[in-house]
Amino acid sequence: MAHKHSTIHSKLTACFAAFVIVIVAMSALAVGALLAVDGRANELSTRWLGGTRLLGELGDTLTEFRLDEANLAHERDDGVRLQLLESARRRAVMIDSEVADYRGMADADAQSALTDFERKWRAFHAAHGSWITQPTHDVPADRSDATLGSLYADADHAADQVIAANTDAATRESKAISGVTHFAVVCVVAMAMGALFLVVVMFILVRRNITTPLREMTAALNRLARGERDFEILGTKRTDEIGDMAAAFNAFLETTHALDRAHEATRIAQSEAQHLAKSDPLTGLPNRIALATGLDAEIARVPRSPSTILVTVINVRRLKRINELYGHSIGDRVLCEITSRLSHMVGWNDVVARLAGDEFALVTRVHSETYAMAASRFAERVLDELSTPIAYAGMALEIGASLGIAAYPGDGDSAERLLRAADIAMHRAKGDTELGYRLFEPAMDDALREQATLESDLRFALMTEMIHPHYQPLVDLTTGEVYGFEILARWTDAERGPVSPDIFVPVAERLGVVSDLTFSMLRQACRDAAQWPTTTRLSLNVSARMLTDRGLVNALCDVLARARMEPDRLEIEVTETALLADIDGAKVAIAEFQRRGIRVSLDDFGTGFSSLSHLRELKVDKVKIDKSFVMSMRTSAESEKIVTAILGLAANLEIPTVAEGIEDAETARFLAIHGCEYGQGFLYGRAMNPADAGRFLRVHSDGLPVALA
């Protein structure tokens, strides 16, 4: 922001401060003048008017004293004379008292006149005293009357002089009060004029600096609202807030131009995004959203059509295997070939859509009366078409499909319900090795609801730790020592009874709660293992989804730390399929496990597609031979050769081996002779609860018989 010489705020503040100062100053002067008037008026009332009243009483008393004296001169009755003498004495006392009272009120001029009166009064009173003490026949009456009359006249004149001095003082005080009153009126008028002037100045300032510029800005905003852009608001050179507003408005105008350009670009991008949001970027087919929208529109357009709409959901088999073996680029070519084949199978008014990675959907029309037969024929054609291998780079890539078909209106009256019904039928078709397709039946929905109930019960069981760990012994085949236990999840439901792990573990995988299940098993197992010897190890299975979680190692170590269990007592078991899903991530995870002291075993070895090429690269601590080979060794020479080959390979790579599925002593001896270090199976014990596992350890604390092992 530019430096400002002045602002509207500062101007208004200055005006307001001046207004306040003027009002306060003039009010102070007016109040002072009014207080002075009030004081002078009180003084005039109490001093000068009181003095005038007192001096009037003084003149009256002096006159009455003279009358008593005159009556005394002509009275011959002694009794009356005594009364007159007493009256004259009282009046003399009153005169002295009134003189004393007025002396406290008189100013300098009145004090001088009062002193002269007091002197002449004393002379008159003294002559009066001499007169009344002499016999009446000693002084002639005319002589005494003349003398006293002269003295009385002097005293009376002096009294008039005092009254005149008091009147002059009162007049001066009245004039002073009038002057102060005039000053107060002038102050009030000046205050009103000053306030009016400042109000006018403030009005002009607000009008010039605020009202007019805001009116101009309002007009500019109205022009902007009407879509006008080619104008510029004035006032940007001002150095106050209005100048800032004008500059900000012009900047906003420039931003509006930029936004207009960005809006146009966004509109184009949104149009493209909407197109992409409704289509699959690889195949160009409509996606689930576009399919559902179009299907709902078609249902609404012809609700009572004589034809039946078939919705077919197709799951492409072995596509994931192709991605694992040959890479996603080959998998993408396979998807494009599938798209081409399906598009050639349907009519111009039918729809082919891609719902997910390996799922497609077809919307076709057939006659209502024969829709079931037509649906079956159509499904067989699709299966035949997709069972034909795809030739690429000299390879014949074999795929397959599972189909689920739902019909409108019998199986649903909306796209969502039809797709759900077809999806349910498709999942049932996955287990049908004969047909490969299924038409939707209401009973399938009941099975799905049962599955949903199972999922809900599983979530509740996880929250309440109703799924408990069981333990299957791991034995050293050479010494018979109990090496440790593999943790196996077991769930006994209140209504279903025992639920097989083959049922609830895949459900947990599908629900995305397999991590919760795994951590729950480890927490409970750590509590159980705290009662066992510290040499007893635990083996924990980790799913492919968990292995890709970068926080897995820290989470497992946190569980161990909370249980105060050393990391070297834990072994992680991962399948080869889980490792190959993200080989680079698997390497990082295995290295981190081993850095923390946790061993890693490769489970179900021998069932994968590239075990030999990745065995050394992954640097696992153990290899577990799949039980399918171990259990069939006695009846299958091929299985025996595979087990022998795996043991030889592991020995050459110096990787210990664990054999699963040992059920008899002969198999155990064969494995031990050929270099297998550890064994697991019903020969040593089935999965047992914590109490039985503790007893098993106590009974076999010195190891199992070597003959058995």
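Predicted model: local features only at pLDDT ≥ 70, side-chain atom pairs only at ≥ 80, totals over all residues.
## Basis of the model

Local features require pLDDT of at least 70 and side-chain atom pairs count only at pLDDT 80 or more, whereas totals for chains, interfaces and linings use all residues. Residues are numbered from 1 along each chain as its sequence is written, and side-chain values use heavy atoms, with hydrogens and water left out.

## Helix α11

Helices are DSSP runs of H or I with at least four residues, and strands are E runs of at least two, numbered from the N terminus.

Buried residues (under 20% relative accessible area; exposed is over 50%, partly exposed in between; 1.4 Å probe, protein chains only) of α11 include M444, L454 and L458. Just after the helix, E465 has a positive phi of about 55 degrees.

## Helix α15

In α15 (residues 552–562), L552, V553, L556, C557, V559 and L560 are buried. These residues fall within an arc of 155 degrees seen down the axis, so they line one face of the helix; the arc is that of the directions from the helix axis to the C-beta atoms. On the other side, A561 and R562 are exposed.

## Salt bridges

The whole structure holds 25 salt bridges, each a side-chain nitrogen of Lys or Arg within 4 Å of a carboxyl oxygen of Asp or Glu. D457 and R496 form one at 2.6 Å, N to O. This pair joins α11 to the loop between β9 and β10, 39 residues apart.
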